[in-house]
Structures are given as structure tokens and as C-alpha cells.
Amino acid sequence: MKNILAAIVITFFSISSFANEAEHEKVNSNKDYDPVPAIMEHISDAHGWHLWGGGHDAVSMPLPVILWTENGLVTFMSSEFHHDNEGHYIVSKTGLNFVNLHEKIYQLDAGSEHLAYDEKGKVTNVRPLDFSITKNVFGMFVSVLILLLVFLFAAKSYKGEIKAPRGVASFMEPLILFVKNDIALQNIGEKHHNRFLPFLLTAFFFIWFNNLLGLIPIPGLTGANITGNIAFTLVLSTITLLLTNLNGNKNYWKHIFWMPGAPVPIKIFLIPIELIGMIAKPFALMIRLFANMTAGHIIVLSLVSLIFVFKTIWMSPVSVAFTLFISVLELLVALLQAYVFTMLSALFIGSAVAEDH
Amino acid sequence: MDNPLVTPEIGMLFWTAVVFLLLMFVLTKFAWKPILAAVKEREASIEDALAAAKDAKLAMAALKSDNEDLLNQARVERDEMLKEAREIKDQVISDAKTAASTEAEKIVVAARESIQHEKMAAVTELKNQVALLSIEIAEKILKDELSSADKQKAIIDNLVKDINLN
């Protein structure tokens with residue numbers, strides 16, 4: 001629980017500090033280079049994949065924008081916004097006008113050519129349901145392609161007669177067996193662990209591969225901060241939450257609603273705590289993975305930004321050395337976070353299916 | 001929750017869920033199950049192979065002891081055969097010796113007998129010859145003695161003298 005709290009605190013602290021810096025930078029924007037917008041652009045999701053250049057000269061890979069609006073499904077390529085994410089360039093489709101403000105797509109009110117703001121400066125326009133193939137979604141598709149290639153190829157080598165694993169299978173088999181024996185079997189137990197193996201194996205390799213791909217900066221293909229996206233970690237931790245509670249046996253629910261072996265007042269006192277714990281466990285999973293991966297990306301980008309902050313090329317050896325060090329560390333973190341997520345998922349599921357002891 | 005970093009977007013939620021569930025389905029069907037089944041099968045086959053090796057080792061040991069027994073038996077048999085052969089050889093030699101000495105004795109006896117015969121024959125021959133010679137000598141002596149009347153008269157006298165009319 002200590003780790004979880006620390007993760008939450010660090011995450012929110014870092015986010016709020018970014019916000020402060022951003023405000024601060026607005027004042028001094030003429031003097032110093034502000035790395036925050038560039039870093040935020042890199043770690044945030046986007047419609048279209050920015051490759052190089054800036055403003056109207058920017059080159060980006062267009063990605064499909066898919067919107068569910070009051071007039072039904074609307075699709076167009078992100079290039080139609082002409083690199084605008086300040087909410088100025090209007091794209092008209094099916095009688096509706098859309099603008100892109102900070103990679104969020106808003107629908108302009110009928111007859112208006114500008115976004116509407118309330119007195120606090122918040123946008124009041126409608127946001128259509130945005131199912132776009134964004135940078136993260138596209139990066140995720142790439143990871144799925146790689147995962148399928150690796151594991152279907154690995155599985156193919158097991159066909160036919162029994163033999164020792166070769167090639168990619170010999171590398172992946174120990175990991176698969178590690179997830180099976182040291183994660184699933186250890187935490188869930190002999191009787192139930194096979195049922196949850198598909199989820200645990202897929203989660204482990206999906207997270208690990210996406211963590212790794214996030215570290216490889218090939219613009220337009222890999223390097224998106226997918227596992228550092230809160231929606232991504234929310235989906236995975238929700239699956240853990242559902243698997244845990246849908247498979248919870250009598251014993252599991254008894255521990256939540258009527259803790260055995262405790263005096264009655266404590267039993268009653270423990271109910272809300274256990275109910276919070278039920279949500280807090282997968283919530284911690286969500287925050288941990290998100291915060292760790294986003295932090296890694298931020299550190300690397302910050303180190304690279306040092307060159308621009310100090311406005312000298314002589315800073316680059318320092319940046320390169322530190323970036324290399326952090327990247328190597330991130331290779332470890334990529335595997336570690338996949339392991340931690342899978343291991344804790346197995347632990348939570350294991351506690352739900354455990355027999356009374 | 002205004003910060004875009006901690007605001008989950010519906011699109012990413014939707015696509016992550018779809019992609020993850022599909023990936024889980026496909027990988028389970030085409031990767032996890034076949035791989036884990038193959039690994040399990042291989043583990044079983046390795047266990048079988050180890051058990052078979054152990055059995056083979058035991059069988060080998062049994063075979064080895066069998067072989068040793070056979071070898072020992074053969075050695076004993078060989079020794080016996082050698083002993084027998086030696087005995088037979090000794091027997092044959094002693095038999096031969098006995099037979100030879102018997103034969104030699106027989107030959108010697110026969111030779112002795114034949115020598116005896118020859119001797120007898122020669123003695124008889126000699127006796128006959130001596131008799132003949134004696135007769136011849138006697139004849140010649142007689143002739144000589146009886147060549148004159150005086151001598152005949154002397155002899156007759158002598159003979160008459162010898163004859164004692166008692």
C-alpha cells in the first residue's frame with residue numbers, strides 16, 4: 001500500500017508541478033525555452049503522428065479520425081486539421097463543424113465559428129464521442145502485430161514432433177513458463193490457475209511489449225506512450241477488478257462483509273475499508289503502470305530538453321550519457337512493471353478464489 | 001481532473017478493450033494453448049524418457065550380472081574340460097605305456113622262446129654232427145685198429161678179458 005500511495009502522490013505532484021510550470025512559462029516565454037509543451041506533446045495522445053517540423057511546415061503521419069456525433073458516424077483523416085490543435089481550423093462534415101483543441105475534438109455550435117468558453121475559461125462546446133485511431137491506438141496496433149508475429153511464429157515451432165524449443169520460442173518459453181509457474185501457480189494455486197492464464201499471459205506480454213516499444217523512438221511506428229496512458233491502464237486494471245470480483249468465492253465475500261475472527265464492531269468498521277480496498281487494489285495497478293511509464297518518458301525527454309534549455313550543443317554529451325543510462329534502466333522497468341502488474345493481478349485473483357484456511 | 005494525462009479518453013478506452021480482448025482471444029487459441037500443451041507434452045515425454053533410461057540402466061545392470069554369471073560358468077566349464085582333457089591325456093599315456101610294456105614283454109618272451117628253440121635246434125644239430133663225427137672217427141679208428149690180424153686178436157683178447165664170465 002505504501003508504494004501505491006507514493007505512486008499516487010508522486011504522480012499528482014508531478015502533474016501539478018507541470019501545470020505550475022506551464023503557467024509560469026507563459027510569463028517568461030520570450031526569454032527561456034520551455035520544455036513542457038514538447039514533453040507533454042510526446043507523452044500525450046494525438047490525432048496524427050507528428051514526425052518533424054513545426055506550425056504549418058510540420059510533417060505528420062495522418063491518422064483516421066472517427067467520431068460518433070448527433071448525425072451519426074463521421075470519419076476523416078487527421079490531416080484535414082492542417083496541424084492545428086488550437087481550435088482554429090474548422091473541418092466541416094455532415095453539416096457539423098469540428099475543431100481540434102489540444103488534441104480534443106469539439107463540435108462547434110451551429111452558426112458559430114469559434115469555441116465557446118464559460119467565465120472560468122473552460123470550453124463549453126460538445127465533444128462528440130471520439131473513437132479515432134490516435135497515435136496511441138495506432139502504436140497499440142503495431143504492438144499487436146509484433147505480438148502476433150512473435151507468438152504465432154513461436155507457437156508454430158511447437159507443431160510436429162517433440163523437440164527442444166528453437167529460435168524465438170526458446171526465448172519466449174521461459175517467460176511463458178515463468179508467468180505460469182511463478183506468477184499464476186504461486187498466487188492462484190494449482191486448482192484455478194489455468195483459468196486465468198490467458199489473461200495473465202496476454203497482460204504480461206502486452207504490457208511488456210508496449211513498454212519496450214514506447215522506448216524505441218521510430219516516429220510513426222513506435223515510441224508512443226501507450227502504457228503510460230491512463231485509459232490503457234484503466235482498461236487492464238478493470239479487467240483485473242472484474243476477474244477478481246466475478247470469481248470471488250464465498251470466503252472472499254465473507255472477508256469483505258463479515259471479517260471472520262474479529263469482534264462485531266470491528267467487523268462493521270472493516271466493511272467500508274474492505275470495499276474501498278476492493279477498488280483501491282486495481283486503482284493502484286492503474287496508477288502504478290501509468291506513472292512509471294510516463295515518468296520514464298518524461299525523464300528521457302527532460303534530459304534531451306536540457307540541450308535546448310542550456311542553449312548549447314556541448315550539453316549533448318551529458319544528455320546522451322544520462323539518456324542512455326535512463327533508457328537502460330527503463331528496459332528493466334519495462335519488464336519489471338509488466339511483472340508487477342501481472343503478479344499483483346494474480347495475487348488479487350488468488351485472494352478471491354482462495355479456499356478457507 | 002482537467003489534466004489530459006489523467007483523463008481517460010473514451011476512444012483509447014474502447015480501442016484498448018477491443019484490442020486487448022481480441023489479442024487475448026487470438027493468442028489463447030493460437031499461442032498459449034498450443035505452446036503450453038506442447039510444453040506439457042514435452043515434460044511428460046522427458047519424464048518418460050528418464051524413466052525409460054532408468055529402466056534401461058537396471059536392465060543393463062541385470063544383463064551385466066547375467067553376463068558375469070555366464071562368464072563364470074564358462075570359466076568353470078573350461079577348467080573342467082581342461083582337467084578332463086589332462087586326465088584323458090594321462091590315461092592315454094599310461095594306457096599306452098602299459099600296452100607298450102606288455103607288448104615288449106610279449107616280444108621278449110617270444111624272442112626268448114624262439115632263442116631257446118634255436119638253441120635246442122642248434123644243440124640237437126651239434127649232437128647229431130658230433131655223433132656222426134664220432135661214428136666217422138670210430139669207423140676210421142676201427143678201420144685202423146682192425147687193419148692187422150694182430151691188432152684184431154689183441155682187441156678180441158682184450159674184449160674177452162673184459163668179459164668176466166661170472
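**Figure 1. A:K311 is exposed, with 9 other C-beta atoms within 10 Å.** The model is predicted: local features need pLDDT of at least 70 and side-chain atom pairs count only at pLDDT 80 or more, whereas totals for chains, interfaces and linings use all residues. Residues are numbered from 1 along each chain as its sequence is written, while chains are lettered from A and ligands numbered from 1 in the order in which they are written. A:K311 lies in the loop that connects helix 8 (264-310) and helix 9 (316-353) of chain A. Helices (H or I, at least four residues) and strands (E, at least two) are DSSP runs, numbered from the N terminus. Although A:K311 is not a glycine, its phi is positive, at about 55 degrees.

**Figure 2. Chain A, with its 9 helices and 8 strands, is divided into two named domains.** Domain 1 covers 60-133 and domain 2 covers 136-353; such bounds come from an automatic or database domain assignment. The C-alpha centres of domain 1 and domain 2 of chain A are 33 Å apart. The C-alpha trace of chain A spans about 65 × 55 × 45 Å along its principal axes. Of the 357 residues in chain A, 34% are buried. Contacts between residues at least 6 apart in sequence join residues at least 24 apart in 57% of cases in chain A, a contact being a pair of residues whose C-beta atoms, placed from the backbone, lie within 7 Å.

**Figure 3. Strand 6 (96-101) and strand 7 (104-107) of chain A form a hairpin.** The two strands run antiparallel and are joined by 4 bridges; strands are taken to pair if DSSP finds at least two bridges between them. A:F98 stands opposite A:Q107 of strand 7 of chain A. Between strand 6 and strand 7 of chain A there are 2 residues, and A:H102 in the turn has a positive phi of about 50 degrees although it is not a glycine. A:H102 is partly exposed, with 13 other C-beta atoms within 10 Å.

**Figure 4. Strand 3 (residues 64-69) of chain A pairs with strand 4 (residues 72-77) of chain A and with strand 8 (residues 129-130) of chain A.** Strand 3 and strand 4 of chain A are antiparallel, with 6 bridges, and a hairpin of 2 residues joins them. Here A:W68 faces A:L73 of strand 4 of chain A as its opposite residue. The pairing of strand 3 with strand 8 of chain A is likewise antiparallel and has 2 bridges, and A:L67 stands opposite A:D130 of strand 8 of chain A.

**Figure 5. Helix 3 (residues 135-156) of chain A is covered by elements of chain A and chain B.** Its 22 residues reach 31 Å from first to last C-alpha, close to the 32 Å expected at 1.5 Å a residue; the expected span is 1.5 Å times one less than the number of residues. Buried residues of helix 3 of chain A include A:K135, A:F138, A:M140, A:L147 and A:F151. Strand 1 (49-52), helix 4 (168-188) and helix 5 (193-215) of chain A are among the elements that cover the buried residues of this helix, together with helix 1 (10-145) of chain B.

**Figure 6. A:L200, A:F204 and B:I35 touch the most other members of the largest nonpolar core, which has 68 residues.** A nonpolar core is a set of buried Ala, Val, Leu, Ile, Met, Phe, Trp, Tyr and Cys residues joined through C-beta atoms within 7 Å. At least two residues of this core come from each of helix 3, helix 4, helix 5, helix 6 (230-246), helix 8 and helix 9 of chain A, and also from helix 1 of chain B. Helix 5 of chain A supplies the largest share, 13 residues. Not counting residues up to four places away in sequence, A:F204 touches A:V179, A:A338 and A:T342. Another core, of 11 residues, lies apart from the largest one and has A:V99, A:Y106, A:L108 and A:F131 among its members.

**Figure 7. Chain B contributes 32 residues and chain A 40 residues to the contact between them.** The side of chain B that touches chain A has 24 nonpolar, 5 polar and 3 charged residues. Ala, Val, Leu, Ile, Met, Phe, Trp, Tyr, Cys and Pro count as nonpolar, Asp, Glu, Lys and Arg as charged, and the others, Gly among them, as polar.

**Figure 8. Helix 2 (residues 149-162) of chain B is hardly covered.** Among its 14 residues, the count of buried residues is 0. The end C-alpha atoms of helix 2 of chain B are 20 Å apart, which agrees with the 20 Å that 14 residues should span at 1.5 Å a residue.

Definitions and conventions:
Buried ≥ 20, exposed ≤ 12 C-beta atoms within 10 Å, placed from the backbone. Contact = placed C-beta atoms within 7 Å.
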